[in-house]
Amino acid sequence: MDLYSPQVIKAIKQKFGFKNSKSLGQNFLTDPDVIKEIVAGAGATETDLVIEIGPGFGVLTDEAAKHAGKVIAIELDRDLIPVLDFTLAAHRNVEVINEDVLKIDLNELIEKTLSEEESKGKQLTGAKIIGNLPYYITTPILMKLLESDIKAECIVVMMQKEVAERILAEPGGKEYGALSVAVQYRTTPETVVDVPKESFFPAPKVDSQVLKLTMRTEPAVKPKDEDLFFRMVKAGFSQRRKTILNSLSTSGFPKEEIAACLDAVGIDNKRRAETLSLQDFCSIADYFSRKLG
């Protein structure tokens, strides 16, 4: 059964009386080449645990199950659970969980699954995250994964192309922002494949892109206080059109102290946040970290 075929999708929808939920951003992937690119991009092997976010009808799950030792698919829509039980019935290494990925402790799930599989005599060496993320919730999901310091080797996910461009952006461009810094701080991002809107059913209004975010063993920079680092990043990009001197004034520090900081670390106070590198933000945060003692 070719799960990625629009005809098959229509037949399954009719069989289960399933209707797409606009509120959940359900656009189902129908391009078999893209499906294979995602699994290949993750480098899934029989020694891997693969966690999939938002399996939909199970097209990506089906491909991942052919390569991975174990696949856990996390699906929010309870109406899709019987569909997934049907489409994935042939796979003994797939588990479907009806949960909200934003509320589940993924590190706990990974640790528990690896332990259970080991008790069965199956040695899995690590975890990888894959998924076709709903556009409306891409950033919250990514931030949850990064802020929880997810215990996975990599994250290979599809997202709106505009969001992917923001993640990949370097300092100096209009796409570069807080999301760029947050993702690049903990991962090394790269493009896997571009995905036109025609690759989905129903087709969305915009194109997509698959990114591979390889988790760093250590952050890209090493601030003395990570919370302070992200506080300065958030403040810096809170008012993009203003100078870094003015935008950092929302961080809670007096403007005169911010001016002294920028002078001390060699950053022109007329620059804007979009021109600052991760190391620049690190230097700013470390200055105030020393001040706070």
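**A negative surface patch and its setting**

Glu162, Glu165, Glu175 and Asp194 gather in a patch of negative charge on the surface. Such patches are made of residues with over 30% relative accessible area and no salt bridge, with like charges joined within 9 Å. A salt bridge is a side-chain nitrogen of Lys or Arg within 4 Å of a carboxyl oxygen of Asp or Glu. The place of a charge is taken as NZ of Lys, CZ of Arg, CG of Asp or CD of Glu. The model is predicted: local features need pLDDT of at least 70, side-chain atom pairs count only at pLDDT 80 or more, and totals for chains, interfaces and linings use all residues. Residues are numbered from 1 along each chain as its sequence is written, and side-chain values use heavy atoms, without hydrogens and water.

Asp194 lies in strand S7 (residues 187-195). Asp194 is partly exposed, at 42% relative accessible area (buried is under 20%, exposed over 50%, partly exposed in between; 1.4 Å probe, protein chains only). Ser115 lies in helix H5 (residues 106-119). Ser115 is also partly exposed, at 45%.

The protein contains 12 helices and 9 strands (DSSP runs: H or I of at least four residues, E of at least two, numbered from the N terminus). Of its 293 residues, 51% count as buried. The C-alpha atoms fill a box of roughly 65 × 45 × 30 Å along the principal axes.

Definitions and conventions: Patches are made of residues with over 30% relative accessible area and no salt bridge: like charges are joined within 9 Å, nonpolar side chains (Val, Leu, Ile, Met, Phe, Trp, Tyr) within 5 Å. Accessible areas come from the Shrake-Rupley method with a 1.4 Å probe; for residues, only the protein chains shown count as cover. Lys and Arg count as positive and Asp and Glu as negative; His and the chain ends are not counted.
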